[in-house]
Each structure stands twice: as C-alpha cells, then as structure tokens.
Amino acid sequence: MIGEAIRRLADKGDEVYSIVGEVTEIDAAGRTCTVQPVAEPEALIYDVRLQADIEGSVGMVSFPKKGSLVVVTFLNPATGYVALCSEVEKVEWTVGEKTLTFDKDGLRIVSEVSDLKTELNAFADLLNSILTTLTTFQLATNVGPTVSVMPNIVADLVQYQLDLANFKTNLNTIVH
C-alpha cells in the first residue's frame with residue numbers, strides 16, 4: 001500500500017522531502033510557524049502548518065517551542081507542515097466545545113460551562129464544609145447542648161480535613 005502511494009507520487013513527478021529547521025516565530029491563532037532551515041540559515045519558510053486545517057480551531061495541534069528544531073515535510077513546493085518537534089511548548093486538543101491543553105503549567109480542561117480546576121476545587125471546598133459541619137455538630141437536648149455527637153471520630157474528621165487540604169494543594173500543581 002505504501003509502495004503504491006510512492007509509485008503514484010513518482011509518476012506525477014512530485015518529490016516528497018523534509019528538512020530540519022529552527023522555529024523562529026509561532027502564530028498560535030493561525031496555527032502556523034516560521035522555520036529557518038539548518039542547512040540554509042539565510043532562507044526562511046513562512047506559514048508552516050501545525051495542523052491539517054490551518055483555518056480551523058478544532059482538532060489536535062502541537063505548538064513547538066520557539067528556538068526548537070522541527071522537521072518540516074512538504075506537501076508540495078509551497079506548503080509544508082511540522083512533522084516532528086524536538087520540544088513542544090503546548091498541546092491543544094479541541095473536540096466540539098471542549099478543549100484540553102497541556103503545557104508547562106499543567107493540564108487544563110475547559111468546556112462551555114466550566115473547567116476541571118474550578119469544579120475539582122468546588123468539590124474539595126464542599127467536602128471541607130461537610131467535614132467542618134461534622135466536627136462542630138452538636139445536638140440540643142432538654143438539658144442543654146451535647147458535648148459531641150461522635151467524639152470518637154472527630155480526630156479522624158480533622159485528619160480528613162488536613163488530607164483534603166493537601167489534595168487541593170496537589171491538585172492545583174497539576175491543573176491550571
């Protein structure tokens with residue numbers, strides 16, 4: 001199958017080739033970059049594609065780090081795309097209205113309604129409120145308030161609150 005594709009290209013006289021170059025500029029909105037070939041430093045290749053549909057905003061795209069090396073493969077003499085990267089600045093994956101971004105700051109998942117970090121932090125805050133209520137809960141009786149409804153597990157609940165605080169701190173180092 002691959003051999004057949006190569007023969008068809010050869011029959012057309014088209015030459016498929018790649019070059020190695022350094023990324024000099026990145027246009028994140030246009031999903032393109034400018035590359036300076038290593039073999040010909042005086043030449044610049046503009047509008048090198050980072051994804052198949054450069055006018056699109058969905059799909060998966062890896063943004064190479066400025067100054068990193070990339071392999072540019074040419075579809076034709078005027079159109080090239082980044083086939084390989086030595087370093088990636090960020091990766092974006094958009095499906096419908098949901099976007100997953102991974103970069104040096106961590107992972108971010110966003111939808112039209114909310115994002116993962118906001119929802120996980122809200123959940124941790126809710127659990128903390130429940131634990132606080134349980135540790136301070138007292139019943140009123142005919143002769144006055146009780147000392148504690150669950151004296152044997154208050155220490156456990158306080159430890160759960162500390163564990164939850166650690167979870168939230170660790171969470172915020174992973175997602176942004």
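The following legends accompany close-up views of a predicted model.

**Figure 1. Secondary structure of the chain.** The predicted chain contains 3 helices and 11 strands. Read from the N terminus, the order of elements is α-β-β-β-β-β-β-β-β-β-α-β-β-α. Of the contacts with a separation of 6 or more, 47% join residues 24 or more positions apart.

**Figure 2. Burial and accessible surface of the chain.** The chain has 176 residues, of which 23% are buried. Its accessible surface amounts to about 11900 Å². Carbon and sulfur atoms contribute 60% of that surface.

Figure 3. Phenylalanine 123 belongs to helix α2, which spans residues 116–136. The relative accessibility of phenylalanine 123 is 46%, and this residue is therefore classed as partly exposed.

**Figure 4. Surroundings of cysteine 33 and cysteine 85.** Cysteine 33 takes part in none, and the nearest cysteine sulfur, belonging to cysteine 85, lies 7.9 Å away. Seen from cysteine 85, the closest cysteine sulfur is that of cysteine 33, and the 7.9 Å separation is too far for a bond, because a disulfide requires the two sulfur atoms to be within 2.5 Å. The two residues are also described by their accessibility: cysteine 33 is buried, at a relative accessible area of 2%, whereas cysteine 85 is partly exposed, at 30%.

How values were computed
Residues are numbered from 1 along each chain as its sequence is written. This is a predicted model: local features need pLDDT of at least 70, side-chain atom pairs count only at pLDDT 80 or more; totals for chains, interfaces and linings use all residues. Side-chain values use heavy atoms; hydrogens and water are left out. Helices (H or I, at least four residues) and strands (E, at least two) are DSSP runs, numbered from the N terminus. Buried means under 20% relative accessible area, exposed over 50%, partly exposed in between (1.4 Å probe, protein chains only). Contact means heavy atoms within 4.5 Å. Accessible areas come from the Shrake-Rupley method with a 1.4 Å probe; for residues, only the protein chains shown count as cover.
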